[in-house]
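Here is a short briefing on one protein model. Look over the sequence and the structure first, then read on.

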Amino acid sequence: MGNVYVMDHPLIQHKVSYIRRKELGSKDFRAMVGEIAMLMCYEATRDLKLQEVEIETPICKTIGKELAGKKLAVVPILRAGLGMVEGMLTMIPAAKVGHIGLYRDPDTLEPVEYYCKLPADCDEREVFVVDPMLATGGSSVEAIRMLKDKGVKNIRFMCIIAAPEGVERMKKEHPDVDIYIGALDEHLNSHGYIVPGLGDAGDRIFGTK
């Protein structure tokens with residue numbers, strides 16, 4: 001059964017408050033999103049398994065520890081998810097990176113796949129799906145469904161800001177997926193934006209409107 005983790009680390013809370021400010025420019029916003037992703041990655045990987053390994057220091061041989069078992073992959077949901085990749089790779093540089101692209105059908109309002117490129121052995125990896133915002137949950141639910149359809153079994157979802165509506169939908173559709181959240185906000189407004197949120201994360205990362 002998947003769990004929901006809302007990060008309470010003071011540095012994460014501080015940086016999330018910083019990127020909420022409407023006057024923050026794209027350069028600083030982009031850098032800070034990367035830093036938040038790095039800190040969240042540190043917290044979200046706390047339960048990764050370790051194995052003992054013999055190493056030789058300049059002084060003597062000893063037993064150290066290294067990551068065991070499954071390798072890792074980071075899969076951003078395009079386009080805003082790209083802003084979190086560099087921070088994740090700072091912490092786990094050996095991780096492979098896949099990409100999932102979705103757009104919302106204007107008639108049905110349902111997400112439609114337009115791009116999916118994953119590491120060849122993605123089904124053997126622990127996969128972190130990343131997107132700065134979890135609003136309605138439509139894109140995230142569909143992205144995880146796509147991964148499962150391709151045989152991926154070990155999936156975690158990471159977002160910087162989430163609305164309760166999106167969290168509930170994720171828990172209902174994918175109860176086996178752990179969800180890591182930087183800040184859990186109040187609700188969605190009538191336009192589907194998170195309140196208080198930070199606006200459109202993609203536009204703020206890439207300087208588009």
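Gly 138 is buried, with a relative accessible area of 3%. That value falls below the 20% cut-off for buried residues. The model is predicted.

**Gly 138 and its helix**
- Gly 138 lies in helix α4.
- Leaving out residues up to four places away in sequence, Gly 138 touches Pro 111 and Arg 169.
- Helix α4 has 12 residues. Its span from first C-alpha to last is 16 Å, close to the 16 Å expected at 1.5 Å a residue.
- The buried residues of α4 are Gly 138, Ser 140, Val 141, Ala 143, Ile 144, Met 146 and Leu 147.
- Just after α4, Gly 151 has a positive phi of about 95 degrees.

**Gly 137 in the loop**
- Gly 137 sits in the loop between β9 (133–134) and α4 (138–149).
- Gly 137 counts as buried because its relative accessibility is 4%, under the 20% limit.
- Setting aside neighbours within four places in sequence, Gly 137 is in contact with Gly 166 and Arg 169.

**The annotated site**
- An unreviewed UniProt entry places the feature "binding site" at Arg 79, Arg 104, Asp 131, Pro 132, Met 133, Leu 134, Ala 135, Thr 136, Gly 137, Gly 138, Ser 139 and Asp 200.
- Of these residues, the lining of the largest pocket includes Arg 79, Arg 104, Asp 131, Met 133, Leu 134, Ala 135, Thr 136, Gly 137, Gly 138, Ser 139 and Asp 200.

Terms used:
Residues numbered from 1 in each chain as written. Predicted model: local features only at pLDDT ≥ 70, side-chain atom pairs only at ≥ 80, totals over all residues. Heavy atoms only, no water. UniProt positions renumbered as here; feature names shortened; annotations may be inferred. 1 Å grid on protein atoms, 1.4 Å probe; cavity = no way out; pocket = protein on both sides within 12 Å on 5 of 7 lines; lining within 4 Å. Helix = DSSP H or I, 4+ residues; strand = E, 2+ residues; numbered from the N terminus. Buried < 20%, exposed > 50% of the residue type's maximum accessible area, 1.4 Å probe, protein only. Contact = heavy atoms within 4.5 Å. Expected span 1.5 Å × (residues − 1).
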